[in-house]
Amino acid sequence: MITTETTVRQNPTASAYNRFGPLGQSLAPFVLALIVGAVVLTVTGKDALGTYAIIFQQAFLGVTNLADTLLFSTPLILTGVATLVAFRAGVFNVGVEGSLYLGAFMAAWVGFTWTGLPGVVVLPLAFVLAGLVGALWAWVPAALKAYLQVDEVVTTLMLNYVAIFFTSFLVNGPFLAPGTANSMSPAVAPQAEVPRFMQSSQFNWSFVFAIVLTFGGGWMLRRSTLGYAIRMVGDNSRFAAAGGINVARTLIYAMLLSGMVGGFAGAAQILGVNGRFIDNFSPGYGFQGITVALLAAERPLVVIPAAIFFGALTNGGGLVQLFSNIPIDLINVLQGTVMLFATTRLAFKWLKSRPGKE
C-alpha cells in the first residue's frame, strides 16, 4: 500500500510547491515575473525600482489612474471567468475571443438598431442577446468535443478566426457606418451605453457587473448541482460517469456558460467603452483571459486580482516609454513571464497528484 508520506517523498518538487499554500501558489507567478523583469532591466543598465515605481504610480495613485486600471481589468475579469468555467470541466477552451467578438457585435447591433427603447430595456437586452450569441458560438466545439471527441483546442482556436473575420465583413459591408472610411458600425444610442462613474475616466458599471458575475460563478461551482457536476467531470470524467453524471451534457453546459460570459465581455467593452463595434477592437482579451484563468486555477475569486494585475500593467506601462528610455516591450515581457510561470503551476499540480511507485 502506498501512503501519502511515500508519495510526497517520491515527489519532492511537488511537495515543495505545495508548502506555499493556495495563496502563495497564486502569488508566485506575479512575484517571479517581477523578479525576472527586474533582472532584465538591471542587466541592461536600467533602473528597475524606478520603472516599477512609474508603473505603480500610473496604475494606482490617484482616483482617475485607479479607475483606468479597473477599466482595463474589466474585460479580463469576464474572459478569465469564462475560461475558468470551461477549465473546471476539463475543457481547454481557447475560443472565448470568438464569443467576445460575436457578443460585441450583437450588443452594438441592438444599441444602434433599437434606438427607440428606453435604457432600462435596451441595455439589459443587449447584454442578454450578446450572452446568447456567445453561448451558441461555443456550442459548436462543445458538441464536437462531447459527442465526437474532437479536440476542443483546435476547433475553438479556428472558430476564433471565423468569428473575427465574420464581424470584420459585417462592419466593412452591410453595417458600415454611413459617411465613415473606418471599419466600424454606427454608434449605439446614448441610452444603450453603460453609465460611467466619473467624467475623467471611461470606468463604468460593467466592472461591478463583472465582480458580481465572478462571485456568482464561484457560488455556482461550489454550491450548485451543476457546479458539482462540472467539478466532478473536470476531476475525473470516468468516476463522474460511474456516479451517474451525464459527462457529455455537463461538458456542453460548461462550454455554453463559458461562451455566454465571453459574450458578456464583448458587450461590456462595446457598450461601456467603445460606443460602437470597431473592427479588430480587441487586443486579445480572450487570450489574456486564459492567463488569468491559469493563475486563478480552481479559485474563481482569484480572477479579480489577477485581472487587476494585467490591467495595471496595461495602464501603468503606457507611461514607461514616455517618461524613460525603456521600451514598452517590457510590459510584454512581464505578461509573457506571468503566463510562463502560470503554466508551470499546472505541471507542479500534476506532479503533486501523481501516484507514487512501489
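Biologist: Which residues of H9 are buried, and what covers the buried residues of H9?

Modeller: This is a predicted model, in which local features need pLDDT of at least 70 and side-chain atom pairs count only at pLDDT 80 or more, while totals for chains, interfaces and linings use all residues. Residues are numbered from 1 along each chain as its sequence is written, and side-chain values use heavy atoms, with hydrogens and water left out.

The chain has 16 helices and zero strands; helices (H or I, at least four residues) and strands (E, at least two) are DSSP runs, numbered from the N terminus. Helix H9 covers residues 206-223, and its 18 residues should span 26 Å at 1.5 Å a residue. The expected span is 1.5 Å times one less than the number of residues. The end C-alpha atoms of H9 are 25 Å apart, which agrees.

Several residues of H9 are buried, among them Ser-206, Phe-207, Ala-210, Ile-211 and Leu-213. Further along, Thr-214, Gly-217, Gly-218, Met-220 and Leu-221 are buried too. Here, buried means under 20% relative accessible area, exposed over 50%, and partly exposed in between (1.4 Å probe, protein chains only). The cover over the buried residues of H9 includes helix H5 (63-88), helix H7 (119-148), helix H10 (225-235), H12 and helix H14 (303-317).

Arg-299 and Gly-218 are 81 residues apart in sequence, but 7.5 Å apart in space, C-alpha to C-alpha. Arg-299 is found in the loop between H13 and H14. With a relative accessible area of 27%, Arg-299 is partly exposed.

H12, which is included in the cover of H9, spans residues 247-274, and the loop between H12 and helix H13 (285-296) holds Asp-279. Leaving aside neighbours within four places in sequence, Asp-279 is in contact with Ser-168, Val-171, Asn-172 and Ser-183; contact means heavy atoms within 4.5 Å.

The whole chain gives the setting. Buried residues make up 51% of its 358 residues. Among contacts between residues at least 6 apart in sequence, 76% join residues at least 24 apart.
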